[in-house]
Amino acid sequence: MESRFLNASNIAISSGEEDYSDDGEYDDTFEEHLEEQGEDVGVDHGPRASTPQVDHSRSNDVDMAYMTNEDESSTRSEHGDGDGTRGGSRGRGRGSGALGGGQRGRRGQIGADRTHGGAGAPQTQQDYFKLFLTDEIMNLILVETNRFGNSKHQNWQPINMNDLQRFFALIMLTGIIKKPTLQSYFSTDPKLATPLFNSVMSRDKFMKILNALHFVDKDLAPTSRIHRISPIIHLLNHRFESVYRPKKHIAIDETLLLFKGRLIFKQYIPKKRARFGMKGYVLAESDTGYVCRYSLYQGRDRENADISQRVAHRIVLDMMDGFLNNDHELVMDNWYTSPQLMKELYERGTYAYGTLRSNRKHVPKDIKNFTSNQPLAKGQSQYFTCPPVLTSCWRDKNFIVFGSNKHSDFILKTLEKRTWNDREIVKPGPIIDYNKYMGGVDLADQCIKYYNMDRRSLKWYKKLFFHLLDIATHNTHVVYKQNTGTTISVLDFRLKLVDLLLNEAGPDPTCTGGQRGRPRSIGPDLARLNTNHHFPSFNPATSSRGNPVARRCRVCNASRHRTAGSTDRKRVETKYCCAECGNIPLCPVLCFRRWHTERDLQ
C-alpha cells in the first residue's frame with residue numbers, strides 16, 4: 001500500500017536559523033479563533049469526498065470524562081501514571097482487553113484469566129486462533145452454508161464442523177502453496193501434485209463447500225449494502241477489541257482489497273497498488289500491526305449524513321468508539337487530521353497528531369501564507385499554539401504542515417549522525433514520532449500479504465471473508481507472540497496452525513485419497529501373499545478336452561496394461577495356475593513369484 005512515511009534521507013537538512021516568531025493572532029481561546037477564521041472548507045480528494053456508510057461493531061458504552069484545561073492538573077493527581085505527558089487514563093478504562101477483564105494499566109496482552117497457565121489458558125496456536133474464530137462464528141457459517149447448499153444442490157450432503165475445519169485448513173494452505181487454479185491443488189499430475197489435499201478432502205467436496213459458503217440467510221431482506229458479510233464483520237470486530245488491548249500508540253489508515261467485479265461501492269484509487277477494489281478503514285496497533293477494528297466503505301450515504309461534521313471526522317470517531325478515554329495516541333495522515341477533531345479527541349482523553357492540509361478549516365492563515373509564498377528556508381519551521389492544538393509548518397524539500405494535541409513545541413531534534421559525511425540528521429520531534437508510529441496499518445498489510453488466502457472470485461463477500469480470515473490469523477500470530485514470549489515466523493506459525501486444525505478434525509471418512517471413478521478389482525484376497533502351500537499346477541481341463549487349457553496370465557496382462565504409453569497388447573497365455581488362490585493363471589517362474597510377493601497387482 002502507499003507508504004506514508006517521511007523518508008529520513010529526504011528530510012536531512014542543513015542547520016539553519018529557526019524562526020519561532022508568533023504574531024499573537026493565534027493566542028486566543030480555541031472557540032474565539034474558530035469564529036475569526038470563518039468558513040474555509042478543505043478540498044478532499046477522489047472518492048473520499050463522499051459520505052461513507054461505515055459498518056463497525058460498537059463495544060459497550062464507556063463513561064467519558066470530558067476534561068478542560070482548568071482541571072488537567074487535578075486529573076493528573078487522580079489518575080496519573082506519569083509518563084511525562086498528560087498523566088494516566090481518563091475516565092473508566094477497558095481493562096487489559098481480557099476475556100472477562102484484567103488488570104488496569106496492562107497493555108498489549110490478552111486477559112489475565114487466560115494467560116500463562118491459568119485455568120483455561122490457551123496453549124497452542126489453535127487455542128489462540130479460536131479466541132478469534134469462535135464457536136459462535138463457526139456455527140453461523142456452518143448453518144448458513146448448509147442452508148444455502150441444500151437450496152442450491154439437489155444432492156447436497158450436509159457438512160459438519162470437522163468438514164468446515166478441514167476446509168479452512170486447506171484454504172489457509174493455499175495461501176502458502178501458490179498454484180494457478182484451485183483444481184490444481186487436487187491434481188494427480190506429478191508436476192502439480194500436492195498429495196495432502198487429496199488425502200484431507202476430495203476435490204468435488206471442497207469446491208461444493210466453497211460454492212455454498214454463506215454467512216447470512218439469502219431470503220432475508222437486505223438491511224445494508226454489505227448485509228451478506230456484516231454479521232462476520234461485527235463478530236470479528238468484537239473479538240478483535242475484547243481479546244487484546246492495544247498498546248499506547250495506534251494508527252488509522254485505509255486499505256484497498258483488489259476486486260474488479262461488479263460492485264456498487266467499488267473504489268478507484270490510482271496511488272494504491274491494487275487501484276480497483278473494496279476500500280476499508282483499519283485501526284491498528286503501531287508496534288505490532290494488530291488490527292483493532294476493520295470497517296468497510298459502503299459508498300455515499302446521503303440520507304443519514306451529518307453535514308455538521310467532515311466525513312473523515314465521523315470515521316475517526318466511529319473507529320475509535322471503545323478506545324477513547326484510555327490515554328491512547330492516535331496517528332493519522334492529512335486526510336483525517338483537523339483542528340476540530342484533535343480538540344474533541346483531547347477532551348475524550350486521547351492524544352492525536354499527524355500531517356495536516358494547509359487549506360483545512362480553522363488552520364491559521366499564516367500557515368497558508370508560508371506554504372503559498374514560501375518565506376521559510378530549508379530547515380526552518382514555524383508553529384502556533386492554541387491549547388490543546390498545535391499547528392506548525394516545517395520546510396524540508398517540500399512544506400510539511402503538522403497538527404497535534406500532544407506536542408507543545410516543534411523544536412528540531414537530532415535523529416542520528418552520519419559517519420560517512422559527518423552530518424547530523426535533524427527533524428522536529430513531532431515528525432520523528434509520526435514516522436515512528438504511523439506504519440501500524442502498513443505493517444498489518446505487509447504481514448498479511450506474505451501468505452494471504454485471497455483468490456479470484458465473482459462473489460465480493462467471499463473474497464472479503466478470506467481477507468478477514470487473514471486478519472484474524474495475523475492477530476492470532478501477534479497475540480501468540482506477545483503472550484508466550486516466543487519468536488516464530490509467519491510461515492512456521494501458519495504451518496503449525498494448519499497441522500493442529502487437521503489433527504483435531506481427523507480424517508474424512510468419505511475421502512478416497514484422490515482415486516476417482518469405479519474402484520478397480522484387485523483379484524483374490526491378499527492372503528495370496530502368504531507363500532505357504534502355494535504351488536504351481538495345471539489349469540483344469542474342460543469337458544471336451546483332456547488336456548489343460550491355456551489361459552491369460554494374470555500378472556503379464558496386468559503389468560502390460562498398466563505400463564504408461566505401452567502399445568503392446570499381445571495376449572500372453574499359460575497352462576499353469578495356482579490352485580490355492582482359486583486357479584489364477586500364472587507363468588510358472590517370474591509371474592508366480594511376483595503374484596505371491598507384490599501387493600499392487602491386478
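Predicted model: local features only at pLDDT ≥ 70, side-chain atom pairs only at ≥ 80, totals over all residues.
Reader: At roughly what angle do they cross, and within what distance do the axes come?

Author: The axes of α13, which covers residues 440-450, and α14, which covers residues 460-484, cross at roughly 105° and come within 10 Å.

Reader: Which residues make the contact?

Author: From α13 the contact uses Ala444, Cys447 and Ile448, while α14 supplies Asp470, Ile471 and His474. Sorted by class, the contact of α13 with α14 has 4 nonpolar residues, 1 polar and 1 charged.

Reader: And Lys459, where does that sit?

Author: Lys459 is found in the loop between α13 and α14, and it counts as partly exposed because its relative accessibility is 42%. In sequence Lys459 is 200 residues from Phe259, yet their C-alpha atoms are 9.6 Å apart in space.

Reader: Switching to α15, which of its residues are buried?

Author: The buried residues of α15 are Val490, Phe493, Arg494, Leu497, Val498, Leu500, Leu501, Leu502 and Ala505. Their cover includes α3, α5, α6, α13 and α14.

Reader: What span should α15 have, and how far apart are its end C-alpha atoms?

Author: With 16 residues at 1.5 Å a residue, α15 should span 22 Å, and its end C-alpha atoms are 23 Å apart, which agrees. Just after α15, Gly506 adopts a positive phi of about 75°.

Reader: On to charges, then: how many salt bridges are there?

Author: The count comes to 15 salt bridges. One of them joins Glu504 to Lys130, with the closest N and O atoms 2.9 Å apart, and this pair links distant parts of the chain, since Glu504 belongs to helix α15 and Lys130 to the loop between α3 and α4, 374 residues apart.

Reader: Is Glu504 buried or partly exposed, and what about Lys130?

Author: Glu504 is partly exposed, at a relative accessible area of 41%, and Lys130 is partly exposed too, at 32%.

Reader: What about Asp163 and Lys205, how do their side chains meet?

Author: They meet in a salt bridge, 3.1 Å from N to O, which connects helix α5, holding Asp163, with helix α7, holding Lys205, 42 residues apart. Asp163 counts as buried because its relative accessibility is 5%, and Lys205 is buried with a relative accessible area of 18%.

Reader: Which residues are linked with them in a network?

Author: Arg166 and Asp508 are linked with Asp163 and Lys205 in a network of salt bridges.

Notes. Residues numbered from 1 in each chain as written. Heavy atoms only, no water. Axes fitted to C-alpha atoms, helices over the stretch in contact; angles between N-to-C directions. Helix = DSSP H or I, 4+ residues; strand = E, 2+ residues; numbered from the N terminus. Contact = heavy atoms within 4.5 Å. Nonpolar A, V, L, I, M, F, W, Y, C, P; charged D, E, K, R; others polar. Buried < 20%, exposed > 50% of the residue type's maximum accessible area, 1.4 Å probe, protein only. Expected span 1.5 Å × (residues − 1). Salt bridge = Lys/Arg side-chain N within 4 Å of Asp/Glu carboxyl O.
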